Amino acid sequence: MTSAAPLVVGVDVGGSKVLAAEVGADGTVVATANRVTPGRLVEASLVEDALGLAIAEVARGRRIDAVGVAAAGFVDAAGERVMFAPHLPWREEPVRARLAESWGTVVVLDNDANCTARAELAHGAARGASDALVVTMGTGIGGALVIGGQVQRGRNGMAGEFGHAQVVPDGQPCECGHRGCWEQYSSGNALVRLARGRIGHEPTLLDELCGGDPALLTGPMVTRAAEDGDLVARQAFASVGEWLGVGLANLVAAIDPEVVVVGGGVSAAGDRLLEPARSALGRALVGAAHRVVPPIRRARFGPEAGAVGAALLARAEISRN
Ligand SMILES: [Zn+2]
């Protein structure tokens, strides 16, 4: 009798969407399913229901052997609790054990950017690197720090939360409660805010894409308009990309990594985001003319990187047992 290959699912829960993926042992994505994240001011159970529906759609009635959850928030060092998540309702909650009980399967939990880093280190754009920076751009900015080939979790499990570094004193308010955080200038939210502010003031395809209501504008609409040559959308990307490079220059100055990997939903825009970031990094990095400036690479796994890394962590967990 031969036993079937284990079914391992990774699920990435971000501020705007839930992405579940069946992932093979080599990191290959076999199938995906999406759900809208119900919000950050709702009962946590609503978000957990959305996760359950997404993984059930991927499983199509098969028994799931393990699920890795990549959460856009601070996960404790033990991988048990989501301590705080600016864009989700979880507050110091034992999410791992609760989902394992609810789903009746092995569940592992880590921060989404840490998961992205695991995927990119194992099979992607940071493969073979000893020291790397990984930044995920979605609703906000997540980050992971790789030193000596290992994802660093820090004392509280909160290492690599670069998105809430203050870059503008008394700047834009952030959902974390502070002002002037990096992700307020370089993220999907920032992209939409910049583009939205110009609708009605100058001609732009975005007017039509959002049906005349700027409140309905989304990041993918800005990406589409930029692809169609829209100046407002392209300038929003140029600004977000430049802020990306400026923030990275600070991090590279601190860490001196071999490579910088950018993932998350906004990274789907590719060089439209990364070229202005490379230019800004070259300008802003201390001693740039006298050092090897690390390449800024797009995550190989793109928007699926978090789910893939979470699945790899889940697979490692069941192969240990
Ligand atoms: Zn913040």
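A word on the model before I go on. This is a predicted model, where local features need pLDDT of at least 70, side-chain atom pairs count only at pLDDT 80 or more, and totals for chains, interfaces and linings use all residues. Residues are numbered from 1 along each chain as its sequence is written, and side-chain values use heavy atoms, with hydrogens and water left out.

Is C181 buried or exposed? C181 is buried, with a relative accessible area of 1%. Buried means under 20% relative accessible area, exposed means over 50%, and partly exposed is in between (1.4 Å probe, protein chains only). Now take H178, in the loop between β11 (150-151) and α4 (188-196). H178 is exposed, at 53%. From H178 to L274 it is 96 residues in sequence, and 27 Å in space, C-alpha to C-alpha. As for the labels, helices (H or I, at least four residues) and strands (E, at least two) are DSSP runs, numbered from the N terminus.

Next, charges. Side chains of opposite charge can pair when their charged atoms come close. A salt bridge is a side-chain nitrogen of Lys or Arg within 4 Å of a carboxyl oxygen of Asp or Glu. How many does a search of the whole structure find? It finds 15 salt bridges.

Here are some of them. D110 meets R118 at 2.6 Å, N to O. D110 is buried, at 1%, while R118 is partly exposed, at 23%. R179 pairs with D170, and their closest N and O atoms are 4.0 Å apart. R179 is partly exposed, at 41%, and D170 is exposed, at 62%.

Then there is R283 with E242, at 3.2 Å between the closest N and O atoms. R283 sits in helix α8 (residues 271-284) and E242 in helix α7 (residues 231-255), so this pair ties together parts that are 41 residues apart in sequence. R283 is exposed, at 57%. E242 is partly exposed, at 38%. Elsewhere, salt bridges that share partners join E48, E93 and R98 into one network.

Last topic: helix pairs. Two packed helices are described by the angle between their axes and the distance between the axes. Axes are lines fitted to C-alpha atoms, for helices over the stretch in contact, and angles run from 0 to 180 degrees between N-to-C directions.

The axes of α7 and α8 come within 7 Å and cross at roughly 40°. These two are therefore oblique to each other. Under 35 degrees counts as roughly parallel, over 145 as roughly antiparallel, 65 to 115 as roughly perpendicular, and the rest as oblique.

The other pair is helix α1 (residues 44-59) and helix α2 (residues 95-103), whose axes come within 12 Å and cross at roughly 50°. So α1 and α2 are oblique too.
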